[in-house]
Amino acid sequence: MNGFSKFQVLFLFCFTSLQAQNEAYTNEESSNQISDTTFVNLRDYSNDFIYDMKYATEDNFLKAKVYDCAECMLRLKTVKALIAANNDFLKKGFKIKLYDCYRPLDIQKKMWAIVSNPEYVADPKKGSIHNRGGAVDISLVYITGKEVDMGTSFDFFGIQASHNFKQLSKEILSKRAYLKKTMIKNGFNSFDSEWWHYNLKTGLKDKVANEKWKCD
């Protein structure tokens, strides 16, 4: 047996198995030690999202690129809740499309310098839930990749974007209601004037942050 006795082979097998179990336990223990308020990258926790990070491009109401790269950073508790919501959508043939996630305070200041209007951009002196890592701007796509019609585009600043606006087709109203119901079920609050904006309820009291991330 290549110079090894049956006993030695059995010992090596048991030792290797035990080593693998210890490594798995160590990794799991390390993961469990991460605080729910730690900022993490959503991509590291799920591959089931579609990304269209508008502020990493010039295709937004600012007409300016303010993020260096298109990553969705959030506090871990927000990531957990978002994945739970997305799992619900997946069961019905949809998935979440992301437009914006955590926004460092420096980026908020940059946006404010471009559009200093609290109707469109939160004043960085107060900060927004986006600056706390507890907000996401989202829509839905079908599993096929086709966009779900929500009645307006993202960041459309008009009455038609409100959850309270009812002069839309039954199909659009139904999809907005479905999005809202599922997000609320998973721990989020909606924002009346923007059908795409959702806040994690437990994230409202977190501190405004200026965490940065590296781009690949």
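Tutor: Two strands count as paired if DSSP finds at least two bridges between them. The model here is predicted.

Student: What makes S6 and S7 a pair?

Tutor: Four bridges join S6 and S7, in the antiparallel sense. The cut-off is at least two bridges, so S6 and S7 pair. Phenylalanine 191 has glutamate 194 in S7 as its bridge partner.

Student: How do you know that S2 and S4 pair?

Tutor: There are two bridges between strand S2 (residues 50-51) and S4, in the parallel sense. The definition asks for at least two, and therefore S2 and S4 pair. Isoleucine 50 stands opposite lysine 97 in S4.

Student: What makes S4 and S5 a pair, and in which sense do they run?

Tutor: S4 and S5 share six bridges and run in the antiparallel sense. With at least two required, S4 and S5 therefore pair. Phenylalanine 94 stands opposite tyrosine 142 in S5.

Student: Why is the pairing in the sheet called mixed?

Tutor: Strands of a sheet pair through backbone hydrogen bonds, either parallel or antiparallel. S2 and S4 pair in the parallel sense, while S4 and S5 pair in the antiparallel sense. The open sheet has five strands in the order S2-S4-S5-S7-S6, and its pairing is mixed.

Student: Which are the edge strands, and what makes them edges?

Tutor: They are S2 and strand S6 (188-191), each of which pairs on one side only.

Student: What packs on the sheet?

Tutor: H2 does, touching S4, S5, S6 and S7, with its direction at about 140 degrees to that of S4. H4 lies across S4, S5, S6 and S7 and runs at about 130 degrees to S5.

Student: Why is S4 called mostly covered?

Tutor: Buried means under 20% relative accessible area. Seven of the seven residues in S4 are buried, so S4 is called mostly covered.

Student: How many residues are in the largest nonpolar core, and which have the most contacts inside it?

Tutor: That core has 42 residues; Leu82, Ile96, Leu98, Val136, Leu179 and Met183 have the most contacts inside it. At least two core residues come from each of helix H2 (76-91), strand S4 (94-100), helix H3 (105-114), strand S5 (135-142), helix H4 (170-185) and strand S7 (194-200). H2 gives the most, with seven residues.

Student: What does isoleucine 96 touch?

Tutor: Not counting residues up to four places away in sequence, isoleucine 96 touches Phe49, Ile50, Leu82, Asn86, Phe89, Ile138, Ser139, Leu140 and Met183. Another core, of six residues, lies apart from the largest one; Cys69, Met73, Tyr102 and Ala209 are among them.

Conventions. Residues are numbered from 1 along each chain as its sequence is written. This is a predicted model: local features need pLDDT of at least 70, side-chain atom pairs count only at pLDDT 80 or more; totals for chains, interfaces and linings use all residues. Side-chain values use heavy atoms; hydrogens and water are left out. A nonpolar core is a set of buried Ala, Val, Leu, Ile, Met, Phe, Trp, Tyr and Cys residues joined through side-chain atoms within 4.5 Å. Buried means under 20% relative accessible area, exposed over 50%, partly exposed in between (1.4 Å probe, protein chains only). Contact means heavy atoms within 4.5 Å. Axes are lines fitted to C-alpha atoms, for helices over the stretch in contact, and angles run from 0 to 180 degrees between N-to-C directions.
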